[in-house]
Amino acid sequence: SQTGLQGSKEREQWKSRVGFMLAALGSAVGLGNIWRFAYVTGENGGAAFLIIYLVCVTLIGLPIVLAEFAIGRKTQSDAVGSFVKLAPGKPWVLAGILGVASAFIILSFYAVISGWSLKYLFGYVTGELWSTPATGYEGFFSDFTASPLEPLIWQSIFMFFTIGIVLAGVKKGLELSNKILMPALAILVISLAIYSVSLEGSSEGLRFLFSPDWSAFSDPNVYLAALGQAFFSLSLGMGALITYASYLSKKERLPGVTVGVATMDTMFAIVAGVMIFPAVFAFGGEPGSGPGLVFMTLPNIFNSMAIGGVIGLAFFLLLTAAALSSAISLLEVAVAYFIRKFNWSRKKATLLIGGVIYILGIPSSLGYGLLSDIKIFGERDILDSLDFLASDIFLPLGGLIIALFVGWGWNKAEALKESDLGRTALGKVWYNLLKYVAPIAILLVFLQASGLLAF
Ligand code: PHE
Ligand code: NA
């Protein structure tokens with residue numbers, strides 16, 4: 001199939017460059033652009049965070065996206081197998097192992113948040129969310145997430161769909177999602193951003209997002225958060241892009257796809273910021289209120305509109321669809337690895353790995369109720385801690401190893417050829433970004449966040 005998701009043991013290929021580009025975009029665009037971008041930006045001072053994030057995307061993210069594409073297409077193998085093939089017996093394979101581990105961790109909590117999105121979709125279908133609940137939208141959110149059972153049910157439903165699609169390889173469903181629902185989400189988010197800016201009191205939100213508080217630049221945590229967000233949002237540093245590119249035929253032009261995916265993903269996040277922050281301030285919310293930010297803010301926007309119930313329904317439907325295509329790419333990283341490594345069938349790998357990931361996600365969900373006293377890293381709850389470990393540490397670490405591999409471990413001429421950049425000026429720039437700039441920048445951010453380096 002075009003998605004590489006069907007039952008046969010032969011490796012499949014995307015039919016066209018557009019199919020591959022859409023799949024990569026489907027992986028990139030998801031909860032990261034709306035849910036995670038909003039709350040992480042809100043917690044890290046707004047505009048200063050946004051600037052550092054954009055620098056991370058351009059100087060570190062872009063070159064590593066192209067590196068993952070080049071590696072995957074060259075080896076036609078999974079996140080781990082790619083390094084085994086290109087550099088047998090060398091430690092670079094650590095990037096792939098970290099990547100598979102990250103896929104388990106990230107999908108485990110991604111399904112919890114996707115479950116929240118499903119719950120809100122349902123709330124707009126039944127009409128429950130059409131008017132402000134007695135406890136307000138904040139109360140609604142905290143009551144729902146604190147209840148032990150209900151979020152688990154929505155999480156199960158989401159995992160059920162994710163596993164089902166990866167199992168069945170319903171490429172038509174994926175295509176529909178990527179070709180129609182993703183552009184629809186883009187149009188809706190743009191429209192809501194325009195509406196949000198028109199709200200009274202919205203200008204404070206725009207200032208928060210675009211006018212930097214310079215003191216935030218001296219906070220070491222902001223750099224680590226921006227770096228992690230760049231990796232998370234681009235689906236980068238864990239071999240998801242290696243895996244997807246491994247289903248690509250040899251004669252594609254990778255640099256164009258790279259710029260396309262990174263640009264669209266980043267625009268999505270910025271427009272989502274313009275949708276959310278003016279509304280946060282207009283409705284008297286708190287930008288730093290954590291993972292619940294969009295779930296407490298967006299219903300206020302819909303509530304203030306004449307046909308808000310329908311808009312809310314459409315929004316959470318499209319958000320869930322975007323989350324689904326990202327979740328599929330996360331599951332695919334682990335499944336592709338287990339199929340090759342242990343010679344499992346796709347069915348066995350998908351059911352087993354999907355089941356394990358589902359169970360792994362349960363503590364994250366309970367962390368807002370039964371287990372809310374458990375804090376792992378600092379003040380972070382269980383979900384937040386797993387997110388921090390995987391997204392802010394593992395993904396940039398994986399990216400660091402991938403950059404070092406291309407710059408120092410791979411044959412230079414081959415790397416340049418496989419990137420489709422060849423002996424051009426741009427090729428030189430790409431190569432040096434990977435060899436020096438990205439590794440040094442990632443190391444500096446790590447050192448500084450760990451307190452070993454103060455500036
Ligand atoms: N990029 C996805 C998002 O923004 C999440 C993701 C991360 C998907 C890593 C695959 C790999 O929602
Ligand atoms: Na994203």
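**Exercise 1.** How do the residues of the shell around ligand 1 divide into nonpolar, polar and charged?

*Solution.* The model is predicted, local features need pLDDT of at least 70, side-chain atom pairs count only at pLDDT 80 or more, and totals for chains, interfaces and linings use all residues. Residues are numbered from 1 along each chain as written, chains are lettered from A and ligands numbered from 1 in the order written, and side-chain values use heavy atoms without hydrogens and water.

Step 1. Ala28, Gly32, Tyr110, Phe232 and Ser235 come nearest among the 14 residues around ligand 1 (near: a heavy atom within 4 Å).

Step 2. The shell holds six nonpolar, eight polar and no charged residues; Gly counts as polar, Tyr as nonpolar.

**Exercise 2.** Which polar backbone atom lies 2.9 Å from an oxygen atom of ligand 1?

*Solution.* Step 1. That atom belongs to Ala28 (polar contact: N or O atoms within 3.5 Å).

Step 2. A backbone N or O atom of Gly32 is 2.8 Å from an oxygen atom of ligand 1, and one of Ser233 is 3.1 Å from a nitrogen atom of ligand 1.

Step 3. The protein buries 100% of the 330 Å² that ligand 1 exposes when taken alone (Shrake-Rupley, 1.4 Å probe).

**Exercise 3.** Where does ligand 1 sit?

*Solution.* Step 1. Ligand 1 sits in the largest cavity (more than half of its atoms within 2 Å of the grid points; a cavity is a set of points on a 1 Å grid over the protein atoms alone where a 1.4 Å probe fits but cannot get out, and lining residues have an atom within 4 Å of a point).

Step 2. This cavity has a volume of about 140 Å³. Its lining divides into nine nonpolar, six polar and no charged residues.

Methods:
Polar contact = N/O pair within 3.5 Å; in protein donor to acceptor, adjacent residues only side chain to side chain. 1 Å grid on protein atoms, 1.4 Å probe; cavity = no way out; pocket = protein on both sides within 12 Å on 5 of 7 lines; lining within 4 Å. Points joined across faces, edges and corners; volume = space filled by probe spheres on them.
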